[in-house]
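Hi,

Here is the structure I promised to pass on.

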Amino acid sequence: VSGLRERRYDLHGVAVQVECDGGVLSESVERLLRAFANVAPSGNGDSSAWRVFARSVADAGELPGARSAAAVLAFEQPRVGLDGSSWGYAVWRDRGRTIIEVSDRGLVVVEPERGCAEVWAVAPERWGAEEREGLVFLLASEVLRASGLYPLHAAAVEREGRAVLILGSSGAGKSTSLLSLMRAGWRCLSDDHPLICDTAEGPRVLPWPARLELTAETARLFGGLGDVRARRGERKLWLYPEEYGAGVASAAAAPTLLLFPKVVDWPVSSVEAVSSGFALEELLRLGMVVVDRKVAARQFSLLARLARGTARARVFFGSDVERLPALVDGLLDTAAA
Amino acid sequence: MMTGPLIGRELRPAVGSDAFEGPLARPGAGSKELRALAAEQLAVMGGDRGGAAGVGTDGVRWALSAEVLEAPVDDELVLLNLTAGRYFGVNESGSAIWGLLRTGCSAADAAAELCARFDVDAVRARADVDRFVGRLASAGLIRRCAQAERPGRPR
């Protein structure tokens, strides 16, 4: 079929072969997975690789009927519309498959046993780029979780093999914290969704850098961001993390500090220690998804160990953004003592 | 004698620990401002006053749901209900009660044990344990044992 595009990715050892029917969805896949692009020739294909199909259809009536009578609703994300771009979705568990129905926008089907996954989008050319990436992200997260790599809604940086995770919902100050630390020599592990995995040495943070999105206000706070792109139809400014500060990290890092930022209207930032219970609840809120029970049990145990074994602090982030790296160094010294 | 409730920071069914998403009080804020902020937050949280009275009647034994995962964190406990996909933070005293329920204690046994462990009034302890047990049950984390069933944690 003309217009089909095939790409291969290596997500920390998880081989994924993506076939797109061209157009905007293919751009979204490439943008989200750009850090994992595998340039090696694919030959006749790798039988152990996940096969992912991305398809666009003109209207919701053309979506395939994926769910059987045996399907069980795992959870529903209501249509919140906080920033005007969110849509609701329902996640179903259906005889070993995960089915995600995204309002009237699309459908994701993941079948771990067969190593294959599909994403269908209804008229994606009419959506914003962030929304398209959001749909592809739902699929990618499910594939990764099935492979023992758990995405976390956080920013993460690395220095000398040690990782700092900056955890919080949108607007909590993740991007500002990330830029501030990158300017001070920390490398970017991820702007929005690092991966947590289990190893013999304990939990590790794996890079998933995509694009650093920032508000005009955040961009103004930092120098050297003159070439930040603002594209037509997109609400946020963005840059590639390798274009700023110390660039991106390429290897797994040991988590050493969990930071929970909150932007406040104070001139001076302030720090307080938080309990591991608080940390675990936040980690669950920002990363835990219960679809497959065995997968969920592994993730829960991993996040509990991450919360227990890592220093943690809440940062009330004032307007003295340049002080964050010093605060982080102080917290790391305290943790090491 | 403890004057406050035994379970200070109770089982919180709110998803996410950081329920307070409103503005923080300024350092040095006056009492009027603090009261206004508190009233605003209570309005946001409204509805979750919880507590099913009279659930933990004497002799009733409880079985912990097989669908619940638990993670002790310091003196506290985080529970994840796999069926509902919801999680719960439990404070130190709640976690002590959970520990007693998991060994097969009734609410009355648990209250008596807490009175022995902590300096707490028996009536207050029983009322707090009943309320806590009621909330655990309504969150699907425990259920009444059938007659032939073994109470506590399923093996």
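Starting with chain B: residues 24 or more positions apart make up 64% of its contacts with a separation of 6 or more, where a contact means heavy atoms within 4.5 Å. Before going on, the ground rules: this is a predicted model, with local features needing pLDDT of at least 70 and side-chain atom pairs counting only at pLDDT 80 or more, while totals for chains, interfaces and linings use all residues. Residues are numbered from 1 along each chain as its sequence is written, chains are lettered from A and ligands numbered from 1 in the order in which they are written, and side-chain values use heavy atoms, leaving out hydrogens and water.

Back to chain B, which has four helices and five strands (DSSP runs, H or I of at least four residues for helices and E of at least two for strands, numbered from the N terminus). Read from the N terminus, its order is α-β-β-β-β-α-α-α-β. Of its 155 residues, 41% are buried (under 20% relative accessible area, with exposed over 50% and partly exposed in between; 1.4 Å probe, protein chains only).

Chain A has seven helices and 19 strands. Buried residues account for 55% of its 337, and its C-alpha atoms fill a box of roughly 55 × 45 × 40 Å along the principal axes. In chain A, 66% of the contacts between residues at least 6 apart in sequence join residues at least 24 apart.

Now the packing. Leaving out neighbours within four places in sequence, A:Leu135 contacts A:Trp87, A:Val102, A:Val108, A:Val119, A:Trp120, A:Ala121 and A:Trp127.

What about disulfides (cysteine sulfur pairs within 2.5 Å)? A:Cys20 is in none, with the nearest cysteine sulfur, that of A:Cys116, 15 Å away. From the A:Cys116 side, A:Cys20 has the closest cysteine sulfur, and 15 Å is too far for a bond. Both residues are buried: A:Cys20 at 4% relative accessibility and A:Cys116 at 9%.

Cheers

Technical notes:
Disulfide = S-S within 2.5 Å.
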